[in-house]
Structure formats: C-alpha cells, structure tokens
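Here are a few exercises to work through with the model open beside you. Try each one before reading its solution.

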Amino acid sequence: MHLSVCRRRNLFILQVKQVMQEDIIIQISNRLRDLRKEKNITLQELAEAAGVSKAMLSQVENNRTIPSLTVLLNLIKSLNIDFNHFFKDINLLAPDSKVIFRKKEQYQPFEKENASGFYYQRLFSTTVQDFHTDFVLLRLSADAKRPMVKTDAFEFKYLISGSVTYFIGEESFDMEEGDSLFFDAGELHNPVNRGKDDALMLVIYIFKNHPL
C-alpha cells in the first residue's frame with residue numbers, strides 16, 4: 001500500500017515538472033491567484049503560511065517569476081487544496097504539434113498589479129530550450145501609470161506605435177515607432193507614454209531558468 005502511494009506521489013511530481021516546463025505555467029499562476037481570492041486570503045497571509053515573501057508571491061501571481069517545485073507545492077498545501085483539485089482544469093499534456101498557431105480571437109487579456117492604463121494581451125507562451133517565453137501585446141493609454149517593477153526575466157520591447165520613455169534603473173530611453181529594447185528586467189523598470197494617444201508595444205519575456 002505504501003509503495004502504491006509513493007508511486008502516485010512520484011508520478012504527480014513528474015507531471016508537475018512537465019507542467020513547469022510548458023506554456024501552461026500561466027494557468028498555474030492564474031489558478032493560485034483565483035483560489036487565494038476565492039478563499040479571501042491576503043497575499044501576506046498566504047506568503048507567511050507557505051514560507052515565502054509577499055513580494056515573491058505577488059511576482060508568481062503576476063507572471064513575473066516562475067516558482068520552484070517546492071514553492072509551488074507549499075503554496076498549494078497552504079491553500080488547503082487537494083493537489084488533484086488544483087490541477088483538475090489544467091492540461092498536463094504537452095502539445096502534440098511543434099507549431100503553435102493562434103487566431104487573434106484566442107489572445108488572452110490580463111492585468112498586472114498596481115497598474116492603471118496597462119492593457120495586456122497574451123499572444124502565446126511556450127518553452128524554448130528549458131526557458132519559458134511569453135509573447136505579449138501591451139497597450140499603454142495616455143494616462144497609464146504604475147510604480148517601477150522587477151521581473152525575473154529578460155525582456156525585449158518593440159514599439160509598434162506611439163512614443164514611450166522607458167525607464168530602466170537610473171537610465172531612460174525615448175522610444176519612437178520601430179525602436180526596440182532588450183534588458184535584464186531584474187532592474188527596476190517602467191514605460192511612460194509620452195503621447196496623447198495609446199502606445200502599442202510587443203513584449204517578449206524570457207524567464208530565467210531556475211532549477212526545480
């Protein structure tokens with residue numbers, strides 16, 4: 001009996017490791033946030049229960065970092081959720097095709113913390129050579145604002161339309177249509193729309209590879 005339980009646990013961990021390497025990491029982050037809010041648990045309360053910092057949990061929920069397997073399991077346990085229940089709506093299987101095709105109707109709108117006028121639309125996510133990569137369209141309204149942020153990733157920005165000043169650490173970069181940036185987003189950073197109309201930007205996140 002004990003051997004059977006161990007086998008099921010090992011199979012579960014293997015499935016989770018596969019999940020952590022596939023594009024459905026976004027589903028995991030969203031699931032954590034939704035369950036926490038359903039249970040009326042604050043970021044601080046869940047962070048303390050799971051033994052992580054509030055800042056780290058916020059980054060996990062907002063797709064700014066990928067949790068280690070240990071952290072993920074601690075978060076699920078601290079939510080008092082059965083593992084099978086947590087993953088019941090998450091596809092644990094890798095896609096059969098090596099080609100990812102998305103119709104524009106399938107793009108996923110989402111929001112990030114403490115941001116006003118930042119409108120994100122996820123084109124798709126995938127894993128390339130063990131690096132999780134997220135492709136996003138960001139529309140900045142003329143009055144968009146938020147505090148400086150950090151992301152556990154490298155970021156590529158391509159300005160499709162509008163004019164933006166991008167602040168990275170102590171530096172600032174004035175971007176016009178067609179300009180691009182690539183930087184380590186572990187530095188505090190933030191874009192500011194300098195124009196009167198919306199600015200549209202392609203953003204590619206390449207998350208840093210941390211061992212599970």
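**Exercise 1: the sheet**

Strand S5 (residues 164-168) pairs with S8 in the antiparallel sense, over 5 bridges. Strands here are DSSP E runs of at least two residues, helices are H or I runs of at least four, and both are numbered from the N terminus; two strands pair if DSSP finds at least two bridges between them. This is a predicted model, where local features need pLDDT of at least 70, side-chain atom pairs count only at pLDDT 80 or more, and totals for chains, interfaces and linings use all residues. Residues are numbered from 1 along each chain as its sequence is written, and side-chain values use heavy atoms, with hydrogens and water left out.

Task: work out in which order the strands form the open sheet.

Solution. Start from a residue pair: Ile168 sits opposite His189 in S8. Finally, check the edges: S6 (171-175) and S8 (189-193) each pair on one side only.

**Exercise 2: two helices**

Task: find how helix H3 (residues 43-50) packs on helix H4 (residues 54-61).

Solution. First take the angle, about 110 degrees, with the axes 8 Å apart; axes are lines fitted to C-alpha atoms, for helices over the stretch in contact, and angles run from 0 to 180 degrees between N-to-C directions. So H3 is roughly perpendicular to H4 (the class covers 65 to 115 degrees). Then list the contacts (heavy atoms within 4.5 Å): Leu43, Gln44, Leu46 and Ala47 in H3 meet Lys54, Leu57, Ser58 and Glu61 in H4.

Note on methods: Angles under 35 degrees count as roughly parallel, over 145 as roughly antiparallel, 65 to 115 as roughly perpendicular and the rest as oblique.
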